[in-house]
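Hello,

Here is the structure I promised to pass on to you. Please open it and keep it beside this note while you read.

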Amino acid sequence: MAGSCFKVRFLSMLDYKTEKYVVAKNKRIGILYRLIQLSILGYIIGWVFISKKGYQETDEAILSSVITKLKGVSVTNTSESGLLVWGPEDYVIPPQGEAVLFVVTNFLETPNQKMGYCAENPKVLHGQCKNNEDCEEGTMVVAGNGIMSGRCLRKDKDSNGTCEIHGWCPIERPFKLQGPLLANAENFTIYIKNFIQFPKFAFSKSNVLETTDDSYLKKCRYEEELQSYCPIFRLGDITKRAGYNFQDMATLGGYISILIKWYCDLDKGYSSCHPKYQFTRLDTSVSDKTVASGFNFRHTRYFKNAAGESYRTLYKVYGVRFAIMVHGKAGKFSIIPTAINVASGLALMGAGAFFCDMVLLYLSKKSTSYRERKFEQCRNNKSTPDENSVEDIKEDDLTS
């Protein structure tokens, strides 16, 4: 008995099973099914393959190098330093041609500072005092300019004073900014040389025109669409493309990002891959009148006199900081993503049929009738098969 049962199960593995299809004469479901098919087909062709290029293998691991060089000369005439001529080596910080650089447009100068004793700035929070006990000797002044000497310097006994400090004296004097000292800085030019590579496709390119004409970079200026391979920008034009006036930024400074975008369809060839530039101001707008407006920092220049005494000049510089960033993506035809997206589309087609089945079998008015024809029950008893039972088709019948 057990052997006969095993034999039946083994032989059943050789049976061929096929699906049964029921044709439902329901125009609403038919229209719904075709609309779903068209929507899925439009999504696959229009969005996946045409818009997103789903037939391509992509590489977003772009390798990039950026080299910058500024040119331009400006003149300042102040009571502290007199007449000065500013070149790129003076107003560009750092001067090594990096992807992030600062261009000085305004400054406040405190010349000839020397190590010694002087009064702390009265605006410093912990620099004020009423007596010597408020100035503990050897204590650092928080956000101040030196170390307390232990003396409180006052005009008279009834007034408050400031603590004496040991540091670079005289301390930075309070100034009121009137306008940018390097007023013609908007006419300076910045040369941005960018090399990129997509290692997956062994593809590399530069944003400079490939020419042997030595005079090309001396004459050209960047113009969108016309001179995209001349990366020489006037500073005033950069801020204008970012939506701001350079002179408004020059007094208190600002922060500008320059984004170089490389989106390359390598199926179209080497000549179709072009750089595109986007300019954005990142700091708070000057028009907002907030304390966070602008950009500034301090730096010093040291020197010694004939007697060997050390001095320094303190500069509080304002200007525009430029950050150059590079983003990119390259794509090229590959059979693997193509096959994956086609298979996903076919799976979505099956999901559309499943959805219509659910509507037909559970939400339509004749759902009960459809279910009776969609599903059949097979009984174990040996009753005479009726019109709704499954008929066994023998192999010999297929050849008759």
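Thr338 is buried, because its relative accessible area is 15% and buried means under 20% (exposed is over 50%, partly exposed is in between, with a 1.4 Å probe and protein chains only). Before you go further, please note that this is a predicted model, in which local features need pLDDT of at least 70 and side-chain atom pairs count only at pLDDT 80 or more, while totals for chains, interfaces and linings use all residues. Residues are numbered from 1 along each chain as its sequence is written, and side-chain values use heavy atoms, with hydrogens and water left out.

Back to Thr338, which lies in helix 7. Helices (H or I, at least four residues) and strands (E, at least two) are DSSP runs, numbered from the N terminus. Which residues does Thr338 touch, leaving aside its neighbours within four places in sequence? They are Phe49, Gly54, Tyr55 and Phe333, where contact means heavy atoms within 4.5 Å. A polar atom of the Thr338 side chain lies 3.2 Å from the backbone oxygen of Tyr55. Thr338 and Glu57 are 281 residues apart in sequence, yet their C-alpha atoms are 8.8 Å apart in space.

Helix 7 (residues 335–363) also packs against helix 8 (residues 367–374), at an angle of about 115 degrees and with the axes 6 Å apart. Here the axes are lines fitted to C-alpha atoms, for helices over the stretch in contact, and angles run from 0 to 180 degrees between N-to-C directions. Helix 7 brings Asp357, Leu360, Leu361 and Tyr362 to the contact, and helix 8 brings Ser367, Tyr370, Arg371 and Lys374.

Now for the charged residues. The structure holds eight salt bridges; a salt bridge is a side-chain nitrogen of Lys or Arg within 4 Å of a carboxyl oxygen of Asp or Glu. One of them joins Glu309 and Lys114, with the closest N and O atoms 3.0 Å apart. Glu309 sits in the loop between strand 15 (296–304) and strand 16 (310–333) and Lys114 in strand 6 (residues 100–119), so this pair ties together parts that are 195 residues apart in sequence. Both ends are partly exposed, Glu309 at 32% and Lys114 at 31%.

Arg298 and Glu172 also meet in a salt bridge, at 2.9 Å from N to O. Arg298 is in strand 15 and Glu172 in the loop between strand 9 (161–169) and strand 10 (189–198), so parts 126 residues apart in sequence are tied together. Arg298 is partly exposed at 45%, whereas Glu172 counts as buried at 19%.

A further salt bridge links Asp283 and Arg281, whose closest N and O atoms are 2.7 Å apart. Asp283 counts as buried at 16%, and Arg281 is buried at 10%.

(Lys and Arg count as positive and Asp and Glu as negative; His and the chain ends are not counted.) The Asp265 side chain does make a polar contact with the side chain of Gln56, at 2.6 Å.

Last, the chain as a whole: there are eight helices and 16 strands, and buried residues make up 35% of the 400 residues.

Happy exploring!

Note on methods:
Polar contact = N/O pair within 3.5 Å; in protein donor to acceptor, adjacent residues only side chain to side chain.
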